[in-house]
Amino acid sequence: MPSHSRRDFLTRMAAGAAGATLAGAPIAALAQAARPQKFSTQELVDNGHQFFGTISRGMASVVEEATRRWGQPNAYILGQEAGGAFVAGARYGEGTMYTRNAGDQKVYWQGPSVGFDAGAEGSRTMMLVYNLPATQAIYQRFGGVDGSAYFIGGFGMTALTADNVVLAPIRSGVGARLGLNLGYLKFTPQSTWNPF
């Protein structure tokens, strides 16, 4: 058998063996990689400690309450936001969304509100994201009721939903804002001043 024919034969055999391997066991690995992977409560608490700083006990109890209600999230956002209201209001924020198997990406959010609400606050925010099917699914409006009580610090948690995706924003605020409002947050890949 000429040497080039033998080389072609060996190349075809190696390719066939590799194809058989790829067609077998790795299917389970590919399925595992495609399934959204979740973050444990301890990971969220540890990352929250690093992000929020020395505030620990309050943040840990809020994260534990969120995971008790909705389970383990498959994404979370760390960012900052500012807002203000006098009956009608607006909120603006930006941060980074972290996922296990789809990388990290910058996100922006903004939204209007209306209700019995007055004051202004700036806050560091950790948003736990549940049932996110793909990273692009974050770019929509999430509606809900938001209750705020910030007096020079403290934590607050709310829940916003859209298309079976649940967001649980956990805020550590500075400022003075008290009230209850109805509104939504709209997520976008670029910043905008339009809250609608």
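I took two rings of Phe, Tyr or Trp (for Trp, the six-membered ring) as a pair if their centres lie within 6.5 Å. The model I am looking at is predicted.

**Entry: the count.** I looked up how many aromatic pairs this rule gives, and the count comes to 5.

**Entry: Phe 39 with Tyr 76.** I opened this pair and found 4.9 Å centre to centre, with 85° between the planes. The pair is edge-to-face, because planes over 60 degrees apart count as such. Next I checked where the two partners sit in the chain. Phe 39 is in the loop between helix H2 (26-34) and helix H3 (41-52), while Tyr 76 belongs to strand S1 (residues 75-99). They are 37 residues apart, so I noted the pair as a link between distant parts of the chain. Are these two buried or exposed? Phe 39 has 5% relative accessibility and counts as buried. Tyr 76 is buried too, at a relative accessible area of 6%.

**Entry: Trp 70 with Tyr 130.** I then compared accessibility for the two partners. Trp 70 is partly exposed, with a relative accessible area of 28%, whereas Tyr 130 is buried at 3%.

**Entry: a cluster.** Which residues do ring pairs link into a cluster? I jotted down Phe 39, Tyr 76 and Tyr 98.

Key
Residues numbered from 1 in each chain as written. Predicted model: local features only at pLDDT ≥ 70, side-chain atom pairs only at ≥ 80, totals over all residues. Heavy atoms only, no water. Phe/Tyr/Trp six-rings, centres within 6.5 Å; stacked < 30°, edge-to-face > 60°. Helix = DSSP H or I, 4+ residues; strand = E, 2+ residues; numbered from the N terminus. Buried < 20%, exposed > 50% of the residue type's maximum accessible area, 1.4 Å probe, protein only.
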